[in-house]
Amino acid sequence: MNKYSIAEFIKNTEQEDKGEGFFELETPRLLEVNLDGLVWAKAGSMVAYHGKIKFEREGILEHGIGTMFKKAFTGEGASLMKANGQGKLYLADSGKKIIILHLQNEAIYVNGNDLLAFEPSIKHQIKLMRKVAGMMAGGLFNIRCEGTGMIAITSHYEPLTLRVTPGNPVVTDPNATVAWSGNLQPEFQTDVTLKTFFGRGSGESIQMRFEGEGFVIVQPYEEVYMQAQS
């Protein structure tokens, strides 16, 4: 068979069941959800599906009036949808690498733009970091995921996990910070001297400082939607 034939291309790229369960990586950048019920996913992340699946945007009052006000501040980046039914659902986000994590009565904070999907057994709460809202375009928000079940997060290129230990804080660029352990509460600090190195023509360099014991996941990429305001 000609290696460039359509038949060969289909053979090399067609979907195959790996028997991995609810979440399955078809490719490093494409998530298959073997759906029999409900899954939460990032709004706009569906690329294909087959079966009987209904999609519904997260209701503005889904989690109470407090969350409604938070969503008004956070914009579209943290918008979620529910997919309900039976079938196979394929999710992706701008070609970013997908990481599947199985939480076991654990909590993790995920940048609002980097949470792709999670099981309904996971409790989620949108949190806006108000201290930084005036410094960053659109502020900075994250989603706390807690419980037992699967979540899928995304990263531009290969992620790196940094350990945070007592007396050894980790400082990160908010634009490159993907997720961190649920027991850590980052503080924000600014550094005027660094803005020249980062090419920020205006404003100060804003950093996240993690102290205590846990981990932080960063990516070798800065999300442009969080650039400093001019």
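The legends below describe close-up views of a predicted model. Local features need pLDDT of at least 70 and side-chain atom pairs count only at pLDDT 80 or more, while totals for chains, interfaces and linings use all residues. Residues are numbered from 1 along each chain as its sequence is written, and side-chain values use heavy atoms, with hydrogens and water left out.

View 1. Strand E1 (residues 23–27) and strand E2 (residues 30–42) run antiparallel and are joined by 4 bridges. Helices (H or I, at least four residues) and strands (E, at least two) are DSSP runs, numbered from the N terminus; two strands pair if DSSP finds at least two bridges between them. Phe23 stands opposite Val33 in E2.

**View 2. Glu26 in strand E1.** Glu26 is found in strand E1. Glu26 counts as buried because its relative accessible area is 15% (buried means under 20%, exposed over 50%, partly exposed in between; 1.4 Å probe, protein chains only). Not counting residues up to four places away in sequence, Glu26 touches Gln15, Glu16, Lys18, Glu32 and Tyr90 (contact means heavy atoms within 4.5 Å).

**View 3. Asp93 in the loop between strands E4 and E5.** The loop that holds Asp93 lies between strand E4 (80–91) and strand E5 (97–111). With a relative accessible area of 11%, Asp93 is buried. The side chain of Asp93 makes a polar contact of 2.9 Å with that of Lys42, and another of 3.4 Å with that of Ser94. A polar contact is a pair of N or O atoms within 3.5 Å; within protein, one must be able to donate a hydrogen and the other to accept it, and residues adjacent in sequence count only if both atoms are side-chain atoms. Leaving aside neighbours within four places in sequence, Asp93 is in contact with Lys42, Asn113, Leu116 and Thr154.

**View 4. Tyr221 after strand E14.** Tyr221 lies in the segment that follows strand E14 (214–218). Its relative accessibility is 31%, so Tyr221 counts as partly exposed. The C-alpha atoms of Tyr221 and Thr177 are 9.1 Å apart in space, and these residues are 44 apart in sequence. Residues up to four places away in sequence not counted, Tyr221 touches His156, Tyr157, Asn175 and Ala176.

**View 5. Ile6 in helix H1.** Ile6 has its place in helix H1 (residues 6–13). Ile6 counts as exposed because its relative accessibility is 67%.
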